[in-house]
Amino acid sequence: MAVCARLCGVGPSRGCRRRQQRRGPAETATADSEPDTDPEEERIEAGAAALYGAGSGRSSSSSPPPRCSLLELPPELLVEIFASLPGTDLPSLAQVCTKFRRILHTDTIWRRRCREEYGVCENLRKLEITGVSCRDVYAKRINPRVKSGRFMKILPDYEHMEYRDVYTCLLHRYRHILGLWQPDIGPYGGLLNVVVDGLFIIGWMYLPPHDPHVDDPMRFKPLFRIHLMERKSATVECMYGHRGPHNGHIQIVKKDEFSTKCNQTDHHRMSGGRQEEFRTWLREEWGRTLEDIFHEHMQELILMKFIYTSQYDNCLTYRRIYLPPSHPDDLIRPGLFKGTYGSHGLEIVMLSFHGEQARATKITGDPNIPAGQQTVEIYLMHRIHLPDAENLRNFNELSRIVLEVREQVRQDQQQQEDRAGDSEGHEQHSPQEAQQSAAQPRDPEDKVATASEEQPAQFLLPVGVSSRNEDYPRTYRMCFYGTGLIAGHGFTSPERTPGVFILFDEDRFGFIWLELKSFSLYSRVRATFRNADAPSPQAFEEMLKNIQSLTS
């Protein structure tokens, strides 16, 4: 403490007012009679002086170099130094002395921390003067679906607000909810992205494009927002429904989990009752009316989803999800993809690589295969060489090839189990060692070729295989044996059935479900997500286990 005090130029020798106020007269007199440094500090300074004298050719008895104090630096230089420190360290720095505390009230410091740590580029003082677009201030802040010629001004009083308030009361306070989340909506799941958007924190729900246009961009709508309406108070507003923002609440339940609650659910209701709400939801969710959907089973699935999801009224619990880590040996870049799932429409899956296997995990799901389950598993060491285009049209020929590879996979798995049993009898490995060995890179001879190394070949779906999207690619690069998860309604009697994983290019792949005689096409989600990287490969694996256990 004495070293810190001398560095700052304050302490008992300079008369620390706060410390003297706490002492009585006797304690103050005793403190004044004490030496200014403790023995440890004198020893350090003596050693530094001796080192200085030896380095400059002087004796150790010569005077040490003049001590430099941070307090002697000009204020503008201290502002630059403090602005380069993490915002979490600044409150501790303010407790050192009065001068530091006064300098830390400089708004330039906190503005830089808001920009560098959270990407806030807005100017509080010129926000209304420079003229912000309707998209940034009104339409997006209220509801992008409201079609009205007038906008209600809802900007807070930024003129008397400071960046320090924005940092401490908004950004730092709610930093734990930034990133990607999966809502607990039964089997349906979802994808929520919480971001700093200007001077707001907004939770955007990402939705797949309308079926069956898998290559179209993602759709998104706001579910909640947080901003400062007063200097020291953050306001949470629910954005669900069609009547503008209204009172809401956010509670951080525990690490990597938070919940939202709407306090005015009447804002979710429409004047035309449930029938009008359903038709509006159907146009937004599917881009069509119920009369346009002729398949009776699909109508039942759509109505079931509306009834199930609308009962939550935006009172949901969210669990954090991470994007999969990438490796140079991966077949393609892992990430999020949109896929076709028959009558269930388009769903979001996460493609990740795990040594000799790749997995597609559902982020959104359906009553048959709920969110969190591994919909497809790919065996990267078992390639399938498809016949030419003419023979590929024969479904029986494709089935014969795939079943032969399946038998080979079973034999390989049996041999691995036998070798694992023999090794356990000779040497026991700890779980940490087993995890490290599983994470080791593959042998160079077993390395899977990347998609760019393969020449494209012609591809046609076999006769009798159905596809929601007939506009699938007509050339492919590689094929592998895989298994797909199928189950009855309510995730009853789940089983893995053989199939073919077809890699078209870096951003698209497909899967042929042999038992269902169905084809699913997947297209990459082209969006940039911040605060979504896993801290470690082990954390990502743990996240996959957690979201799968919720629906198992």
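This is a short tour of selected places in the structure, one stop at a time.

The model is predicted, so local features need pLDDT of at least 70, side-chain atom pairs count only at pLDDT 80 or more, and totals for chains, interfaces and linings use all residues. Residues are numbered from 1 along each chain as its sequence is written, and side-chain values use heavy atoms, with hydrogens and water left out.

**Two helices**

Select residues 107–118, helix α8, together with residues 163–171, helix α10, which pack at an angle of about 45 degrees with their axes 7 Å apart. This makes α8 oblique to α10, since angles under 35 degrees count as roughly parallel, over 145 as roughly antiparallel, 65 to 115 as roughly perpendicular and the rest as oblique. To see the contact (heavy atoms within 4.5 Å), show the side chains of residues including Trp 110, Arg 113 and Cys 114 of α8, and Tyr 163, Val 166 and Leu 171 of α10.

Next, select residues 317–320, strand β8, where Tyr 318 and Arg 320 form the covered face and Thr 317 and Arg 319 the uncovered one.

Move to Asp 313, in the loop between α12 (296–310) and β8, where phi is near 55 degrees, a positive value in a residue other than glycine. Asp 313 counts as buried at 14% relative accessibility, given that buried means under 20% relative accessible area, exposed over 50%, and partly exposed in between (1.4 Å probe, protein chains only).

Asn 531, in the loop between β19 (518–524) and α16 (537–549), likewise has a positive phi, near 55 degrees, but Asn 531 is partly exposed, with a relative accessible area of 48%.

Select Gln 373 in the loop between β11 (357–362) and β12 (374–383), a buried residue with a relative accessible area of 4%.

Finish at Pro 212, in the loop between β3 (200–207) and β4 (219–230), where the peptide bond from Asp 211 to Pro 212 is cis, with omega near 5 degrees.

Definitions and conventions: Axes fitted to C-alpha atoms, helices over the stretch in contact; angles between N-to-C directions. Helix = DSSP H or I, 4+ residues; strand = E, 2+ residues; numbered from the N terminus.
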